[in-house]
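Here is a friendly briefing to read with the model open beside you. Take the topics one at a time and find each residue as you go.

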Amino acid sequence: MARMLLHPSTVTAFCAALLAALMAVFPEPVLHSSLRGLAIWWEVLFPALFPFFVISELMLGIGIVHFMGKLMDPFMRPLFRIPGSGGFVLAMGYLSGYPVGARLTSQLRDQQLLTRVEGERLVAITTTSDPIFLIGAVSVGFFHQSALAPILAAAHYGGSLIIGVLMRFHGATEPETASRAGKSGTGKPQRGLSAALKAMHEARLLDGRSFSVLLKDSIASGLRLMVVVGGLVVVFSVLMELLRQASVLGALEHFFAALFVRFGLSGDMAAPFVSGLFEVTLGAKASAEAGVPLIHQAAAAAWVLSWAGLSVHAQIASLLSHTGLRYRPFLLARLAHSLIATALVYLLWGWLGPG
């Protein structure tokens, strides 16, 4: 009987029933939180992410990814043990933020340009905040200090690169992609601009779609993905509101405040930790409002940005669900990234911190 009660399906059903009951008890907060999540999706996420989703699909169909992959293969493999096509994902992921890196990784995996382990390495390194959010929303909007951007950027993106180097040891015994750089008749890999152009041409021929069809498919694919992202944002907005109404978030903050104090830290750090555990924007805002010195606020913000929140975790898990990529390596990478970024804030504060 006890085993049946603890079965995952039973626990899931119980949680769903509990959430439904809470929604019936707090209908007005649920409505407001749904509208708030929908507004965030429509006003912020849709215009920020949708163009990148469409452009990335176009670039993949045209063969630009294969072109860049051939050029960057000599750099990406020694550093991160990832094919050169991952360099395109790395650049796009850093530029546009989560969950674009995961979306592109799933596309490369669908085209068999990555093995499962290489995909897990790539999604671990490319799950980052975009610079506009880090600088505009966090440094300027929440902290009102543009001088905080360099230390946050160095900790966040520097921590991501460190994770990339560490993740090269993940699955070290498993084989790499068979489709390494194309080989000549002598068996040596072909590299350089001519080989990259050849790879792009072959990829374009293999795709076979006209540009009009490719554009239509790219827009349709981007819209489908944005609906999934929007749904998850609304769900987590409602979930956090229900937890707040049920005093669960308050209880978690009290628990972690006591835990932090026990380890010699300020109890005021509990609010950004709990908020950031679920949602990156709320966690970053809570970091700026914590009643601790600025260096500790910045460290908390770096933790939040690098952990990314369970809302982003759910988006990425949804994107990777059909690829065979495992969630556990991604989860461990996020934990390590958040800790490394926090440590980098303290290590680099005297050099990059506000004067």
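Arg 209 counts as partly exposed, because its relative accessibility is 25% (buried means under 20% relative accessible area, exposed over 50%, and partly exposed in between, with a 1.4 Å probe and protein chains only). This is a predicted model, in which local features need pLDDT of at least 70, side-chain atom pairs count only at pLDDT 80 or more, and totals for chains, interfaces and linings use all residues. Residues are numbered from 1 along each chain as its sequence is written, and side-chain values use heavy atoms, leaving out hydrogens and water.

**Salt bridges**

- The structure holds nine salt bridges (a side-chain nitrogen of Lys or Arg within 4 Å of a carboxyl oxygen of Asp or Glu).
- Arg 209 pairs with Asp 217 in one of them, at 3.0 Å from N to O.
- Asp 217 is partly exposed too, at 24% relative accessibility.
- Asp 217 also meets Lys 216 in a salt bridge, at 3.5 Å from N to O, and Lys 216 is exposed, with a relative accessible area of 53%.
- Glu 118 and Arg 77 form a salt bridge of 3.7 Å, N to O. Glu 118 sits in helix α7 (residues 116–126) and Arg 77 in helix α4 (residues 64–80), so this pair ties together parts that are 41 residues apart in sequence. Both residues, Glu 118 and Arg 77, are buried.

**Helix α3**

- Helices are DSSP runs (H or I, at least four residues), numbered from the N terminus.
- Helix α3 covers residues 27–62 and has a kink of about 55° at Leu 45, shortly before the proline Pro 47 (the bend is the angle between axes fitted to the seven residues ending there and the seven starting there).
- Gly 63 follows α3 and has a positive phi, near 110°.

**The largest pocket**

- The largest pocket has a volume of about 750 Å³ (a pocket is an open set of points on a 1 Å grid where a 1.4 Å probe fits, with protein on both sides within 12 Å along at least five of seven lines; lining residues have an atom within 4 Å of a point). The volume is the space filled by probe spheres set on the points, which are joined across faces, edges and corners.
- Of its 31 lining residues, the closest to the centre are Ile 40, Val 44, Leu 45, Glu 279 and Thr 281.
- Helix α3 gives the most to this lining, with eight residues.

Definitions and conventions:
Helix = DSSP H or I, 4+ residues; strand = E, 2+ residues; numbered from the N terminus.
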